[in-house]
Amino acid sequence: MKSTRIVLASRPTGMPEPENFRTETVELPPPNPGEALLQTVYLSLDPYMRGRMSDAPSYAPPVEVDDTMCGATVSRVLESTDPALQPGDFVLGYAGWQTHSVEHTGYLRKLDPAVAPLTTALGVLGMPGFTAYSGLLTIGRPQPGETVVVAAATGPVGATVGQIAKIKGARAVGIAGGPEKVALLRDRFGFDAALDHRAPDFAEQLAAATPDGIDVYFENVGGAVLDAVLPRLNKFARIPVCGLVAQYNDTELPPGPDRMPLLMSLILRKSLQLRGFIQTEFLDQFGEFYPDVSGWMAEGRIAYLEDVVDGLDNAPEAFRGLLTGKNLGKLVIKVAD
(Lines give C-alpha, C1' and ligand atoms only; values in the text may rest on other atoms or scores of the structure.)
Protein backbone atom coordinates (compact mmCIF):
# COMPACT_ATOMS: atom_id res chain seq x y z
CA MET A 1 0.00 0.00 0.00
CA LYS A 2 1.32 3.42 -0.97
CA SER A 3 0.50 6.64 0.86
CA THR A 4 0.69 10.19 -0.42
CA ARG A 5 1.78 12.46 2.39
CA ILE A 6 2.68 16.09 3.00
CA VAL A 7 5.80 16.57 5.07
CA LEU A 8 7.43 19.53 6.76
CA ALA A 9 10.16 20.41 4.25
CA SER A 10 11.63 23.27 6.30
CA ARG A 11 10.77 25.34 9.34
CA PRO A 12 8.90 28.55 8.48
CA THR A 13 9.91 32.02 9.56
CA GLY A 14 6.69 33.93 10.10
CA MET A 15 3.76 32.81 7.96
CA PRO A 16 4.24 29.28 6.54
CA GLU A 17 4.96 29.39 2.82
CA PRO A 18 4.36 26.70 0.15
CA GLU A 19 8.07 25.82 0.12
CA ASN A 20 7.82 24.78 3.78
CA PHE A 21 5.79 21.76 2.64
CA ARG A 22 6.61 18.85 0.33
CA THR A 23 4.37 16.13 -1.12
CA GLU A 24 5.78 12.65 -1.52
CA THR A 25 4.66 9.05 -1.91
CA VAL A 26 5.88 6.29 0.41
CA GLU A 27 5.21 2.58 0.73
CA LEU A 28 3.59 1.42 3.95
CA PRO A 29 4.45 -1.83 5.72
CA PRO A 30 1.68 -4.35 6.43
CA PRO A 31 0.10 -3.97 9.87
CA ASN A 32 1.77 -5.86 12.70
CA PRO A 33 -0.22 -7.43 15.54
CA GLY A 34 -2.18 -4.70 17.29
CA GLU A 35 -2.13 -2.43 14.25
CA ALA A 36 -4.52 -1.45 11.46
CA LEU A 37 -4.12 -0.19 7.91
CA LEU A 38 -6.23 2.94 7.48
CA GLN A 39 -7.43 5.17 4.66
CA THR A 40 -7.78 8.80 5.70
CA VAL A 41 -11.22 10.25 4.97
CA TYR A 42 -11.04 13.57 6.83
CA LEU A 43 -8.08 15.57 8.15
CA SER A 44 -8.43 18.26 10.81
CA LEU A 45 -6.51 21.53 10.42
CA ASP A 46 -6.02 23.47 13.66
CA PRO A 47 -4.01 26.56 14.71
CA TYR A 48 -1.79 24.58 17.12
CA MET A 49 -0.08 23.03 14.09
CA ARG A 50 1.79 26.30 13.53
CA GLY A 51 3.53 25.83 16.87
CA ARG A 52 4.45 22.26 15.99
CA MET A 53 6.22 23.53 12.85
CA SER A 54 8.67 25.43 15.06
CA ASP A 55 11.41 23.94 17.22
CA ALA A 56 10.88 26.55 19.95
CA PRO A 57 10.08 25.20 23.44
CA SER A 58 6.41 24.26 23.69
CA TYR A 59 3.98 21.90 25.40
CA ALA A 60 4.39 19.30 22.61
CA PRO A 61 7.43 18.17 20.61
CA PRO A 62 7.87 19.76 17.20
CA VAL A 63 7.28 17.98 13.92
CA GLU A 64 10.71 17.02 12.64
CA VAL A 65 11.80 18.26 9.23
CA ASP A 66 10.95 15.60 6.59
CA ASP A 67 8.27 14.06 8.85
CA THR A 68 4.57 13.93 8.02
CA MET A 69 2.68 16.99 9.25
CA CYS A 70 0.67 16.17 12.37
CA GLY A 71 -3.10 16.19 12.66
CA ALA A 72 -6.17 14.34 13.85
CA THR A 73 -7.93 12.20 11.26
CA VAL A 74 -11.08 10.23 10.65
CA SER A 75 -10.11 7.09 8.76
CA ARG A 76 -11.66 3.95 7.28
CA VAL A 77 -10.20 0.62 8.39
CA LEU A 78 -8.88 -1.32 5.40
CA GLU A 79 -7.14 -4.12 7.27
CA SER A 80 -6.88 -4.91 10.98
CA THR A 81 -5.04 -7.39 13.17
CA ASP A 82 -7.25 -6.38 16.12
CA PRO A 83 -10.60 -8.25 16.33
CA ALA A 84 -12.19 -5.14 17.82
CA LEU A 85 -11.82 -3.37 14.47
CA GLN A 86 -13.12 -4.69 11.17
CA PRO A 87 -12.60 -3.48 7.60
CA GLY A 88 -15.12 -0.73 6.90
CA ASP A 89 -15.12 0.61 10.46
CA PHE A 90 -14.42 4.31 10.97
CA VAL A 91 -11.94 5.48 13.60
CA LEU A 92 -10.58 8.69 15.06
CA GLY A 93 -6.80 8.68 14.99
CA TYR A 94 -3.77 10.86 14.50
CA ALA A 95 -2.45 9.90 11.09
CA GLY A 96 -1.58 13.44 10.02
CA TRP A 97 -1.45 14.82 6.50
CA GLN A 98 -1.48 11.59 4.48
CA THR A 99 -3.87 9.42 2.50
CA HIS A 100 -3.09 6.12 4.25
CA SER A 101 -1.41 5.07 7.48
CA VAL A 102 -0.64 2.15 9.76
CA GLU A 103 -1.54 2.91 13.37
CA HIS A 104 -1.61 1.10 16.70
CA THR A 105 -5.24 0.26 17.45
CA GLY A 106 -4.86 1.26 21.09
CA TYR A 107 -4.67 4.89 19.94
CA LEU A 108 -7.84 4.69 17.85
CA ARG A 109 -11.42 5.45 18.87
CA LYS A 110 -14.16 3.72 16.91
CA LEU A 111 -16.82 6.04 15.51
CA ASP A 112 -20.46 5.40 14.68
CA PRO A 113 -21.60 7.52 11.71
CA ALA A 114 -25.21 6.78 12.67
CA VAL A 115 -24.77 8.71 15.94
CA ALA A 116 -23.16 11.88 14.55
CA PRO A 117 -21.54 12.97 11.27
CA LEU A 118 -17.96 11.72 11.12
CA THR A 119 -16.54 15.23 10.80
CA THR A 120 -17.88 16.20 14.24
CA ALA A 121 -15.24 13.91 15.80
CA LEU A 122 -12.70 16.51 14.62
CA GLY A 123 -14.73 19.51 15.79
CA VAL A 124 -17.62 20.03 18.15
CA LEU A 125 -17.49 16.44 19.49
CA GLY A 126 -13.70 16.21 19.31
CA MET A 127 -10.65 18.08 20.53
CA PRO A 128 -11.94 21.64 19.79
CA GLY A 129 -15.29 21.01 21.48
CA PHE A 130 -13.61 19.39 24.46
CA THR A 131 -11.18 22.30 24.70
CA ALA A 132 -14.12 24.70 24.91
CA TYR A 133 -15.99 22.58 27.45
CA SER A 134 -13.12 21.85 29.80
CA GLY A 135 -11.47 25.28 29.62
CA LEU A 136 -14.68 27.25 30.11
CA LEU A 137 -16.21 25.13 32.86
CA THR A 138 -13.01 24.36 34.78
CA ILE A 139 -11.23 27.73 34.57
CA GLY A 140 -13.92 30.19 33.45
CA ARG A 141 -16.68 28.83 35.73
CA PRO A 142 -19.43 31.08 34.25
CA GLN A 143 -22.27 31.91 36.62
CA PRO A 144 -25.84 32.92 35.76
CA GLY A 145 -26.01 36.60 34.89
CA GLU A 146 -22.26 37.00 34.27
CA THR A 147 -20.76 38.24 31.00
CA VAL A 148 -18.55 35.90 29.01
CA VAL A 149 -16.51 37.32 26.12
CA VAL A 150 -15.02 34.99 23.52
CA ALA A 151 -12.37 35.80 20.90
CA ALA A 152 -12.30 33.99 17.52
CA ALA A 153 -15.90 33.18 18.31
CA THR A 154 -16.94 31.59 15.00
CA GLY A 155 -14.19 28.96 15.26
CA PRO A 156 -15.01 25.51 16.65
CA VAL A 157 -13.67 26.38 20.10
CA GLY A 158 -15.07 29.89 20.38
CA ALA A 159 -18.54 29.05 19.06
CA THR A 160 -18.86 26.17 21.51
CA VAL A 161 -17.64 28.33 24.40
CA GLY A 162 -20.29 30.97 23.74
CA GLN A 163 -23.13 28.48 23.46
CA ILE A 164 -22.14 26.61 26.63
CA ALA A 165 -21.90 29.94 28.44
CA LYS A 166 -25.51 30.66 27.48
CA ILE A 167 -26.59 27.18 28.58
CA LYS A 168 -25.06 27.99 31.98
CA GLY A 169 -27.09 31.18 32.18
CA ALA A 170 -24.38 33.70 31.29
CA ARG A 171 -24.48 36.44 28.67
CA ALA A 172 -22.26 35.64 25.66
CA VAL A 173 -20.39 38.31 23.68
CA GLY A 174 -18.55 37.04 20.60
CA ILE A 175 -15.66 38.70 18.76
CA ALA A 176 -14.82 37.78 15.16
CA GLY A 177 -13.35 39.32 12.01
CA GLY A 178 -15.63 40.69 9.32
CA PRO A 179 -19.41 41.22 8.82
CA GLU A 180 -20.06 37.65 7.64
CA LYS A 181 -18.65 36.14 10.80
CA VAL A 182 -20.41 38.68 12.99
CA ALA A 183 -23.72 37.71 11.36
CA LEU A 184 -22.99 34.04 12.04
CA LEU A 185 -22.46 34.78 15.72
CA ARG A 186 -25.92 36.31 15.98
CA ASP A 187 -27.93 34.20 13.56
CA ARG A 188 -26.38 30.73 13.83
CA PHE A 189 -24.78 30.59 17.26
CA GLY A 190 -27.14 32.85 19.18
CA PHE A 191 -24.63 35.15 20.88
CA ASP A 192 -26.19 38.02 22.80
CA ALA A 193 -23.79 40.49 21.17
CA ALA A 194 -21.41 40.15 18.22
CA LEU A 195 -18.48 42.46 17.47
CA ASP A 196 -16.05 42.90 14.58
CA HIS A 197 -12.52 43.36 15.90
CA ARG A 198 -11.58 45.00 12.59
CA ALA A 199 -13.95 47.91 13.19
CA PRO A 200 -12.10 51.19 13.86
CA ASP A 201 -14.22 51.77 16.96
CA PHE A 202 -13.97 48.16 18.23
CA ALA A 203 -12.91 49.18 21.75
CA GLU A 204 -15.90 51.53 22.05
CA GLN A 205 -18.25 48.81 20.74
CA LEU A 206 -16.85 46.35 23.28
CA ALA A 207 -17.45 48.82 26.10
CA ALA A 208 -21.05 49.33 24.96
CA ALA A 209 -21.64 45.57 24.68
CA THR A 210 -20.29 44.94 28.19
CA PRO A 211 -21.96 47.62 30.35
CA ASP A 212 -21.45 45.49 33.48
CA GLY A 213 -17.86 44.60 32.61
CA ILE A 214 -16.42 41.18 31.71
CA ASP A 215 -16.41 38.27 34.15
CA VAL A 216 -14.89 35.61 31.87
CA TYR A 217 -12.69 36.23 28.85
CA PHE A 218 -11.89 33.10 26.83
CA GLU A 219 -8.64 33.95 25.06
CA ASN A 220 -7.99 32.50 21.61
CA VAL A 221 -6.30 35.44 19.89
CA GLY A 222 -4.17 37.86 21.93
CA GLY A 223 -2.92 41.06 20.32
CA ALA A 224 -5.24 44.04 19.88
CA VAL A 225 -8.32 42.11 21.04
CA LEU A 226 -6.72 41.49 24.43
CA ASP A 227 -5.75 45.17 24.63
CA ALA A 228 -9.41 46.15 24.30
CA VAL A 229 -10.61 43.52 26.76
CA LEU A 230 -8.24 44.26 29.65
CA PRO A 231 -9.83 47.56 30.79
CA ARG A 232 -13.28 45.89 30.84
CA LEU A 233 -12.37 43.02 33.19
CA ASN A 234 -14.23 42.91 36.47
CA LYS A 235 -12.72 42.07 39.83
CA PHE A 236 -12.17 38.32 40.14
CA ALA A 237 -12.50 37.83 36.36
CA ARG A 238 -11.26 34.52 34.97
CA ILE A 239 -9.23 34.29 31.76
CA PRO A 240 -8.73 30.80 30.29
CA VAL A 241 -5.87 31.17 27.78
CA CYS A 242 -6.46 28.65 25.02
CA GLY A 243 -4.57 30.20 22.11
CA LEU A 244 -2.81 33.30 20.78
CA VAL A 245 -3.31 32.93 17.04
CA ALA A 246 -2.61 36.62 16.38
CA GLN A 247 0.96 36.02 17.54
CA TYR A 248 1.76 32.58 16.13
CA ASN A 249 3.68 33.93 13.13
CA ASP A 250 5.55 36.63 15.06
CA THR A 251 9.32 36.49 14.78
CA GLU A 252 10.09 39.21 17.34
CA LEU A 253 8.47 41.06 20.21
CA PRO A 254 5.79 43.58 19.16
CA PRO A 255 6.87 47.22 18.94
CA GLY A 256 6.00 49.75 21.59
CA PRO A 257 6.49 50.05 25.35
CA ASP A 258 6.71 47.09 27.68
CA ARG A 259 3.12 46.51 28.86
CA MET A 260 3.92 43.69 31.23
CA PRO A 261 3.84 46.03 34.29
CA LEU A 262 0.31 47.14 33.31
CA LEU A 263 -0.86 43.53 32.99
CA MET A 264 0.67 42.52 36.30
CA SER A 265 -0.89 45.55 37.98
CA LEU A 266 -4.32 44.58 36.64
CA ILE A 267 -3.89 41.01 37.83
CA LEU A 268 -3.04 42.28 41.30
CA ARG A 269 -5.59 45.10 41.61
CA LYS A 270 -8.52 43.10 40.23
CA SER A 271 -7.54 39.68 41.64
CA LEU A 272 -7.66 38.21 38.15
CA GLN A 273 -7.19 34.52 37.46
CA LEU A 274 -5.26 34.11 34.20
CA ARG A 275 -4.45 30.48 33.39
CA GLY A 276 -3.13 28.85 30.28
CA PHE A 277 -4.25 25.30 29.61
CA ILE A 278 -4.00 22.37 27.21
CA GLN A 279 -7.09 20.22 26.90
CA THR A 280 -5.14 17.04 27.70
CA GLU A 281 -4.90 18.29 31.30
CA PHE A 282 -8.61 17.60 31.69
CA LEU A 283 -9.03 14.23 29.96
CA ASP A 284 -10.77 12.85 33.04
CA GLN A 285 -13.72 15.07 32.04
CA PHE A 286 -14.21 13.51 28.61
CA GLY A 287 -16.75 11.05 29.99
CA GLU A 288 -18.93 14.02 30.99
CA PHE A 289 -18.18 16.12 27.91
CA TYR A 290 -19.44 13.75 25.23
CA PRO A 291 -22.93 13.07 26.64
CA ASP A 292 -23.34 16.71 27.67
CA VAL A 293 -22.43 18.27 24.32
CA SER A 294 -24.05 15.60 22.14
CA GLY A 295 -27.19 15.96 24.25
CA TRP A 296 -27.19 19.74 23.87
CA MET A 297 -26.75 19.28 20.11
CA ALA A 298 -29.73 16.91 19.99
CA GLU A 299 -31.80 19.50 21.88
CA GLY A 300 -30.82 22.22 19.40
CA ARG A 301 -28.90 24.19 22.04
CA ILE A 302 -25.50 23.85 20.34
CA ALA A 303 -24.98 24.48 16.63
CA TYR A 304 -21.77 23.94 14.71
CA LEU A 305 -20.30 25.01 11.39
CA GLU A 306 -17.73 23.24 9.24
CA ASP A 307 -15.56 24.51 6.39
CA VAL A 308 -14.72 21.43 4.29
CA VAL A 309 -11.99 21.74 1.66
CA ASP A 310 -11.67 18.95 -0.91
CA GLY A 311 -8.30 17.33 -1.56
CA LEU A 312 -5.18 16.71 0.53
CA ASP A 313 -3.13 18.79 -1.90
CA ASN A 314 -5.08 21.86 -0.79
CA ALA A 315 -4.11 21.42 2.88
CA PRO A 316 -1.09 23.80 2.89
CA GLU A 317 -2.99 26.73 1.39
CA ALA A 318 -6.05 26.04 3.55
CA PHE A 319 -3.80 26.02 6.61
CA ARG A 320 -2.31 29.38 5.63
CA GLY A 321 -5.85 30.72 5.34
CA LEU A 322 -6.69 29.37 8.79
CA LEU A 323 -3.92 31.46 10.33
CA THR A 324 -5.41 34.61 8.84
CA GLY A 325 -9.06 33.79 9.64
CA LYS A 326 -10.27 32.93 6.13
CA ASN A 327 -12.17 29.82 7.21
CA LEU A 328 -15.78 29.83 8.37
CA GLY A 329 -16.12 27.27 11.17
CA LYS A 330 -14.12 24.12 11.75
CA LEU A 331 -11.62 23.62 8.93
CA VAL A 332 -11.56 20.05 7.61
CA ILE A 333 -9.81 18.56 4.59
CA LYS A 334 -11.81 15.88 2.77
CA VAL A 335 -9.12 13.41 1.72
CA ALA A 336 -11.34 10.61 0.37
CA ASP A 337 -15.01 9.80 -0.10
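**A guided reading of the predicted fold**

The secondary structure of the protein comprises 9 helices and 15 strands, where helices (H or I, at least four residues) and strands (E, at least two) are DSSP runs numbered from the N terminus. The model is a predicted one, in which local features need pLDDT of at least 70 and side-chain atom pairs count only at pLDDT 80 or more, whereas totals for chains, interfaces and linings use all residues. Residues are numbered from 1 along each chain as its sequence is written, and side-chain values use heavy atoms, with hydrogens and water left out.

The overall dimensions come first. The radius of gyration of the protein is 20 Å, which agrees with the value near 20 Å that a compact globule of 337 residues would have; this radius is taken over C-alpha atoms, and the globule rule is 2.2 Å times the number of residues to the power 0.38. Along the principal axes, the C-alpha atoms fill a box of roughly 60 × 45 × 35 Å. The protein exposes about 15,200 Å², of which carbon and sulfur atoms supply 54%; accessible areas come from the Shrake-Rupley method with a 1.4 Å probe, and for residues only the protein chains shown count as cover. Of the 337 residues, 51% count as buried, where buried means under 20% relative accessible area, exposed over 50%, and partly exposed in between (1.4 Å probe, protein chains only). Among contacts (heavy atoms within 4.5 Å) with a separation of 6 or more, 68% are made by residues 24 or more positions apart.

The interior can be read through its nonpolar cores, each a set of buried Ala, Val, Leu, Ile, Met, Phe, Trp, Tyr and Cys residues joined through side-chain atoms within 4.5 Å. The largest core holds 36 residues, and Leu136, Val293 and Ile302 touch the most other members. Two or more residues each come from H2, E8, helix H3 (156-167), strand E9 (171-176), helix H4 (179-187), strand E11 (214-218) and helix H8 (286-298). H3 gives the most to this core, with 6 residues. Beyond four places in sequence, Ile302 touches Val124, Gln163, Ile164, Ile167, Val293, Trp296 and Met297. A second, separate core of 22 residues includes Ala193, Leu195, Ile214 and Val229.

A polar residue can also be followed into the interior. Ser44 lies in strand E3 (residues 35-44) and is buried, with a relative accessible area of 1%. The side chain of Ser44 makes a polar contact with that of Lys330 at 2.8 Å; such a contact is a pair of N or O atoms within 3.5 Å, where within protein one must be able to donate a hydrogen and the other to accept it, and residues adjacent in sequence count only if both atoms are side-chain atoms. Apart from neighbours within four places in sequence, Ser44 is in contact with Met49, Gly71, Ala72, Leu122, Lys330 and Leu331.

Charged pairs provide a further set of links. Side chains of opposite charge can pair when their charged atoms come close. The whole structure contains 15 salt bridges, each a side-chain nitrogen of Lys or Arg within 4 Å of a carboxyl oxygen of Asp or Glu. Lys110 and Asp89 form one of 3.6 Å, N to O. Because Lys110 lies in strand E7 (residues 109-111) and Asp89 in the loop between strand E4 (73-80) and strand E5 (90-93), the pair ties together parts that are 21 residues apart in sequence. Asp89 is buried, at a relative accessible area of 16%.

Asp192 forms a salt bridge with Lys166, with the closest N and O atoms 3.0 Å apart. This pair links distant parts of the chain, 26 residues apart: Asp192 is in the loop between H4 and strand E10 (193-196), and Lys166 is in helix H3. Asp192 is partly exposed at 40% relative accessibility, and Lys166 is partly exposed at 32%. Elsewhere, salt bridges that share partners join Arg5, Arg22, Glu24 and Asp66 into one network. Within this group, the side chains of Arg22 and Glu24 meet at 3.3 Å, N to O.

Gln143 is found in the loop between helix H2 (127-140) and strand E8 (147-150) and is partly exposed, with a relative accessible area of 40%. Not counting residues up to four places away in sequence, Gln143 touches Lys168, Gly169 and Ala170. A polar atom of the Gln143 side chain lies 2.9 Å from the backbone oxygen of Arg141. Arg141 is placed in the loop between H2 and E8, and its phi is near 45°, a positive value in a residue other than glycine. Phe236, in strand E12 (residues 233-241), has a phi near 70°, a positive value in a residue other than glycine.
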